[in-house]
Every structure is written in structure tokens, then in C-alpha cells.
Amino acid sequence: MRVVVQRVRSAEVRVAGEVVGAIERGMVLLVCVLAGDGPRDAERLAARVAQFRFFPRGDRSMDQSALDARAEGADVRALVISQFTLAADGRKGRRPSFDQAARPEVAEPLCAHFATHLAAMGLPIATGRFGAAMEVALVNDGPVTFVLSEPGP
């Protein structure tokens with residue numbers, strides 16, 4: 001699995017003009033399920049994201065995880081959006097290959113499992129709609145953006 005993590009001041013996702021998920025302070029998580037991924041990959045990556053220290057504490061710009069910030073009373077949330085294009089391989093030709101992406105029937109439940117695991121750890125979540133044409137609007141805070149994967153390096 002692969003996830004792009006963006007610290008945000010606010011974000012929303014729309015499908016056909018309707019807001020289907022929105023958050024204020026927190027993180028937007030663009031999640032890509034790769035061929036061969038399973039539930040344990042989703043759980044490990046969700047735990048890494050929840051415990052990854054990139055939220056500010058006082059004058060230290062990256063000293064708290066989302067869970068730490070919530071424990072101290074901050075209303076940090078996650079907006080989880082499926083993003084199969086993160087599996088793109090553009091090394092050959094002029095068109096990306098998505099051979100590394102999991103099939104939708106595998107990816108959809110694993111993306112949901114990732115979101116459910118975040119929620120079980122205490123992070124309120126909102127989601128996009130799997131397979132839909134989505135419009136994502138966000139105000140990146142920092143900007144702070146990371147790419148994490150499981151299994152990790």
C-alpha cells in the first residue's frame with residue numbers, strides 16, 4: 001500500500017457536486033492499494049500514519065502525531081480518499097501503466113479497512129467515494145506532504 005499524507009487546515013471531497021467528506025484541521029490521506037496487499041498491510045500503514053509525527057507542538061513544527069495531538073485536545077481528523085493513480089509506472093512510453101494497482105474488488109475493501117483501522121485508533125475520519133470521479137479541495141498546512149508505504153523501507 002502507498003499513501004500520500006498531507007497536513008491540512010481544511011479539506012473536502014465532492015462527487016457530482018455533493019460534498020461526501022470534509023474535515024477541518026487534520027490530514028488528507030490519498031490511499032493506493034497495490035497488487036498483493038492484504039489486511040495486515042492496511043493495518044500497519046494506518047498505524048504508521050496515525051503515529052507519524054508531523055503535527056506541531058508549540059514552536060516545534062513536527063513534534064506530534066495525530067494521536068498525540070488528539071490526546072492533547074486538538075480536533076485532528078483524517079479524510080481518506082482512494083487514489084489508484086499512485087500505482088502508476090511511467091518509466092516506459094508516454095502512458096502510465098497501472099499494473100501494480102490492486103483490482104477494484106480487492107482495493108475497495110482494503111481502503112475501507114485502512115479507514116476503519118484509523119477510526120478504531122481514535123481518529124475521526126471522513127472518506128471519499130471509491131471509484132467515483134472526485135473533486136478534492138484542500139488548504140495544505142505548511143505545506144507538509146509525505147509518501148509512506150507498507151511494507152515500508
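Q: Phe 52 of this predicted model has a relative accessible area of 27%; buried, partly exposed or exposed, which class applies?
A: Buried means under 20% relative accessible area, exposed means over 50%, and partly exposed covers the range in between. Phe 52 has a relative accessible area of 27%. Because this value falls between the two cut-offs, the class of Phe 52 is partly exposed.

Q: With which residue does Phe 52 form an edge-to-face aromatic pair?
A: The count of aromatic pairs comes to five. In one of them, the ring of Phe 52 has a partner at 5.0 Å centre to centre, with 80° between the planes. Planes over 60 degrees apart count as edge-to-face, and the partner of Phe 52 in this arrangement is Phe 146.

Q: Which residues do ring pairs link into a cluster with Phe 146?
A: Phe 146 is itself partly exposed, with a relative accessible area of 23%. Ring pairs join Phe 146 into a cluster with Phe 52, Phe 54 and Phe 55.

Q: What is the distance between the end C-alpha atoms of helix H1 (residues 39-51)?
A: Helix H1 has 13 residues, and at 1.5 Å a residue it should span 18 Å. The expected span uses one less than the number of residues. The distance in the model agrees with this expectation: 18 Å.

Q: Against which elements do the buried residues of H1 pack?
A: The buried residues of H1 include Asp 41, Leu 45 and Val 49. The buried residues of this helix pack against strand E1 (2-15), strand E3 (26-32), helix H2 (66-71), helix H3 (104-120) and strand E8 (134-149).

Q: How many disulfides are counted?
A: A disulfide requires cysteine sulfur atoms within 2.5 Å. For Cys 32, the nearest cysteine sulfur, that of Cys 111, is 9.3 Å away. Cys 32 is buried at 0% relative accessible area, and Cys 111 is buried at 9%. The count of disulfides is zero.

Q: What is the phi of Ala 16?
A: Ala 16 is found in the loop between E1 and strand E2 (18-23) and counts as exposed at 83% relative accessibility. Most residues other than glycine have a negative phi. Ala 16 has a positive phi, near 50°.

Technical notes. Residues are numbered from 1 along each chain as its sequence is written. This is a predicted model: local features need pLDDT of at least 70, side-chain atom pairs count only at pLDDT 80 or more; totals for chains, interfaces and linings use all residues. Side-chain values use heavy atoms; hydrogens and water are left out. Helices (H or I, at least four residues) and strands (E, at least two) are DSSP runs, numbered from the N terminus. Buried means under 20% relative accessible area, exposed over 50%, partly exposed in between (1.4 Å probe, protein chains only). Contact means heavy atoms within 4.5 Å. Rings of Phe, Tyr and Trp (its six-membered ring) pair if their centres lie within 6.5 Å; planes under 30 degrees apart count as stacked, over 60 as edge-to-face and the rest as tilted.
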